[in-house]
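Hello,

Here is the structure we talked about. Please open it first, then read my notes below.

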Protein chains: 2
Amino acid sequence: MKNNLALMADFYEFTMAAAYYQNRMFAPATFSLFIRDYPPHRGYFVSAGLEEVLEFLESFHFTQEDLDYLTTTGLFSEEFLQYLSRLKFTGNVFAIPEGRIFFKDEPILEVTAPIIEAQLVETFVINAINLQVTLATKAARCVYVSRGRKLVDFSLRRTQGVDAGLKVARASFVAGFASTSNVLAGKLYGIPVAGTMAHSFVTSFEEEIDAFRTFVRTFPGNAVLLIDTYDTLSGAHKAVKVGREMLNRGERLLGVRLDSGDMTDLSKEVRKILKAADLGEVSIFASGAFDEYKISEVIEKGGEIDAFGVGTKMGVSADAPYTDMAYKLVQYGRRPVLKLSTGKRTLVAEKQVLRIREGSNLTKDIIALRDEKAVGEPILKTVMENGKRNLLPEPLAAIRDRFQQEFMVLGEAYKSLENPKTFPVELSPGLTELQERTVHEVREKELGES
Amino acid sequence: MKNNLALMADFYEFTMAAAYYQNRMFAPATFSLFIRDYPPHRGYFVSAGLEEVLEFLESFHFTQEDLDYLTTTGLFSEEFLQYLSRLKFTGNVFAIPEGRIFFKDEPILEVTAPIIEAQLVETFVINAINLQVTLATKAARCVYVSRGRKLVDFSLRRTQGVDAGLKVARASFVAGFASTSNVLAGKLYGIPVAGTMAHSFVTSFEEEIDAFRTFVRTFPGNAVLLIDTYDTLSGAHKAVKVGREMLNRGERLLGVRLDSGDMTDLSKEVRKILKAADLGEVSIFASGAFDEYKISEVIEKGGEIDAFGVGTKMGVSADAPYTDMAYKLVQYGRRPVLKLSTGKRTLVAEKQVLRIREGSNLTKDIIALRDEKAVGEPILKTVMENGKRNLLPEPLAAIRDRFQQEFMVLGEAYKSLENPKTFPVELSPGLTELQERTVHEVREKELGES
């Protein structure tokens with residue numbers, strides 16, 4: 001994961017850079033990263049991915065191997081490749097810290113750097129932040145409906161690749177998941193890992209109860225028995241038998257896991273079976289196609305489930321696997337710029353987002369020019385100056401706390417699982433005025449309107 | 001991307017392995033990888049991802065750092081960790097080569113190895129093959145509807161991470177895409193790269209036409225001008241002006257790109273503008289939210305588009321971002337095994353898939369026991385024996401050809417974009433008999449049925 005990723009870019013970044021270079025365009029450019037619209041049923045986003053971007057920018061460079069590859073395309077001058085060989089990222093980054101809530105149209109991050117540098121990092125910046133925002137937002141929805149029940153990230157086997165698997169573990173932990181099944185994420189991010197047995201473990205034994213007995217012998221303090229391999233209720237009775245044997249040895253069965261069938265009904269039946277054997281303390285863990293919709297449904301129907309393993313649908317954000325995130329040039333030199341393409345509004349110039357509260361509750365945000373006088377809490381911070389980060393890596397637990405604090409004061413209507421209310425986001429007077437003036441000037445110049 | 005990924009596994013693989021170890025279970029186990037059902041509107045899958053799995057298995061090992069991390073969980077004995085420190089993958093792999101078509105329930109890959117080895121590699125095997133199959137299948141759908149028009153992978157900025165970005169480029173090339181915007185994929189896989197300019201390039205200039213003139217000066221032989229920054233038709237007229245200037249210099253404008261608005265109408269208008277200026281040869285390239293559905297619609301409505309940039313929706317397989325792929329124990333020692341969990345059928349034992357044709361057309365597949373006598377072409381091959389691969393890395397072009405050959409002889413009804421016909425897949429007499437016998441024995445033993 002630590003390979004050089006400077007070529008993790010769309011090819012047009014290089015053709016544009018070559019044209020900027022040949023035309024001697026080195027003025028500072030500001031690019032703004034934002035999401036154009038909410039995916040279905042989303043009413044907020046969770047900021048995540050900044051740490052990865054800062055690490056990338058701070059070490060941005062091209063290796064000789066990278067340059068050799070670019071040479072093979074036959075499109076770039078020796079002089080330009082020489083220039084790339086010395087290139088570092090020397091710009092400033094202004095961003096919303098990880099764990100905070102934000103809304104559509106708001107700049108999540110703005111890069112100001114000589115245009116070639118700011119352009120070449122586009123693809124990586126969008127990719128990293130789009131992925132983690134998508135996943136953290138999906139995970140936050142799961143946490144919201146679970147009402148305090150424990151959630152575990154079980155998605156690794158079907159995430160879209162290794163990198164996504166790591167990011168799911170990280171983003172879901174930020175959003176409030178208790179742990180992950182992903183061992184590499186445990187090692188790299190210090191997230192607690194969890195997991196006990198699969199069906200293969202049960203089927204590898206002649207009889208199901210042999211599998212249970214063998215497992216609790218190896219892990220007397222950590223056994224969650226998977227009971228649906230052949231039949232959930234029959235499995236529950238065998239788990240009870242093993243649980244009683246453990247009690248007699250002074251051990252305690254931690255839990256049972258259901259992985260198929262009607263989770264509401266089965267969990268109620270299993271609870272009865274456990275209670276009847278004086279094993280009411282044994283946790284009931286459920287997995288299998290859970291996402292925020294299914295968790296919510298099972299809880300509403302009174303399912304007796306203490307913890308959920310949340311897998312694929314969360315891990316790929318199945319109902320909204322991407323956001324409409326864009327990284328757009330908003331200022332070149334001193335000139336505010338925008339495009340007019342149908343349905344794709346860009347807000348000009350360097351900006352700030354101001355968060356307004358009533359008591360502790362969030363009431364609205366205002367997008368303003370960065371140097372405009374305005375009330376409210378400014379939520380973008382300077383996180384990198386002249387290519388050096390001044391936001392040091394933050395402990396994940398701190399980011400997780402930041403999310404919890406802010407999510408708590410976001411109104412229920414904006415968090416609704418379906419058709420949430422739209423949070424009010426306004427443009428400041430200064431931004432409104434500059435935006436209108438720029439649109440007018442561009443239309444006049446390019447379309448001959450007056 | 002070359003880091004050690006042995007910990008890219010669900011934690012339960014390790015707890016199970018520790019229990020197998022403590023119980024001295026080292027017999028060979030066969031796990032079968034298959035897809036339980038078709039995602040919406042899918043009627044076939046494209047095999048992809050095997051190369052990555054073979055590379056992983058061949059170099060499978062734990063580093064001291066990995067073992068140190070496992071030690072911190074406090075759950076594993078020193079003896080077991082010592083065992084892991086010496087562990088290699090020594091098993092056999094039997095698989096469908098990349099580029100071939102396969103169907104639900106069919107084993108894509110079967111691993112036979114001492115149970116601890118076969119178990120520990122589960123997560124990586126599913127993750128790698130699920131992702132590439134998902135993406136290659138999505139890309140094949142795009143290629144199918146494009147009827148010979150050129151497709152370019154434009155998805156990198158919103159793929160689910162770096163790893164997915166590389167795999168999209170690879171899988172879409174296998175399925176017939178012409179090129180990718182992903183420069184790193186170009187370097188690593190030798191896929192042709194493509195791309196010219198973004199809106200930021202246009203807006204960084206005082207006037208749109210300056211941007212066009214500057215770009216063609218740097219790339220006189222490779223210029224595709226993006227014309228929708230302010231207004232597509234006004235942009236087309238400026239591109240025509242620059243195209244004529246190029247002609248006067250003996251150069252040729254390669255193309256224009258549309259990225260917003262109604263692609264059908266705009267492309268027809270732009271073609272007229274180009275023809276009226278004797279620039280009818282200039283290609284019209286379109287991008288913006290294309291997938292197989294939108295490509296199909298635009299072509300049916302007579303859009304004048306020569307090539308499509310296909311982005312996010314293909315890159316995350318937005319309408320079906322995962323498959324229901326599972327890796328199940330089907331044999332332990334000499335004993336065929338299965339689970340009975342509701343709605344999750346597993347086919348027992350080591351298997352083969354036989355492909356039956358009429359002339360060259362595919363007519364049906366038969367899933368059989370691996371050693372069963374049967375007619376038809378066996379499509380799984382031995383690709384690894386005793387931990388050594390005997391399928392060497394194949395050139396991507398060969399895999400791409402293999403796909404084209406087979407896709408050509410798959411009936412149209414199975415390729416339909418919506419509600420495709422289900423391809424007939426039968427079970428052989430030998431497999432049917434063993435399956436029924438095993439189900440019966442398991443029900444008798446575990447559920448007390450007779």
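At what angle do helix H7 of chain A and helix H7 of chain B pack, and how far apart are their axes? Bear in mind that this is a predicted model.

The angle is about 150 degrees, and the axes lie 5 Å apart. Each helix H7 covers residues 162–174 of its chain. Angles over 145 degrees count as roughly antiparallel. H7(A) and H7(B) are therefore roughly antiparallel to each other. The crossing of H7(A) past H7(B) is left-handed.

Which residues make this contact? On H7(A) they are A:Val162, A:Asp163 and A:Ala164. On H7(B) they are B:Val162, B:Asp163 and B:Ala164. By class, that gives 4 nonpolar and 2 charged residues, with no polar ones.

Now the two chains as a whole.

How many residues does the contact take from each chain? Chain A gives 91 residues and chain B gives 91 residues. On the side of chain A that touches chain B, helix H1 (residues 11–22) of chain A gives the most, with 8 residues. That side of chain A has 43 nonpolar, 31 polar and 17 charged residues.

Best wishes

Methods
Residues numbered from 1 in each chain as written. Chains lettered and ligands numbered in written order. Predicted model: local features only at pLDDT ≥ 70, side-chain atom pairs only at ≥ 80, totals over all residues. Contact = placed C-beta atoms within 7 Å. Helix = DSSP H or I, 4+ residues; strand = E, 2+ residues; numbered from the N terminus. Nonpolar A, V, L, I, M, F, W, Y, C, P; charged D, E, K, R; others polar. Axes fitted to C-alpha atoms, helices over the stretch in contact; angles between N-to-C directions. Parallel < 35°, antiparallel > 145°, perpendicular 65-115°, else oblique. Left-handed = near helix turned anticlockwise from the far one by under 90°.
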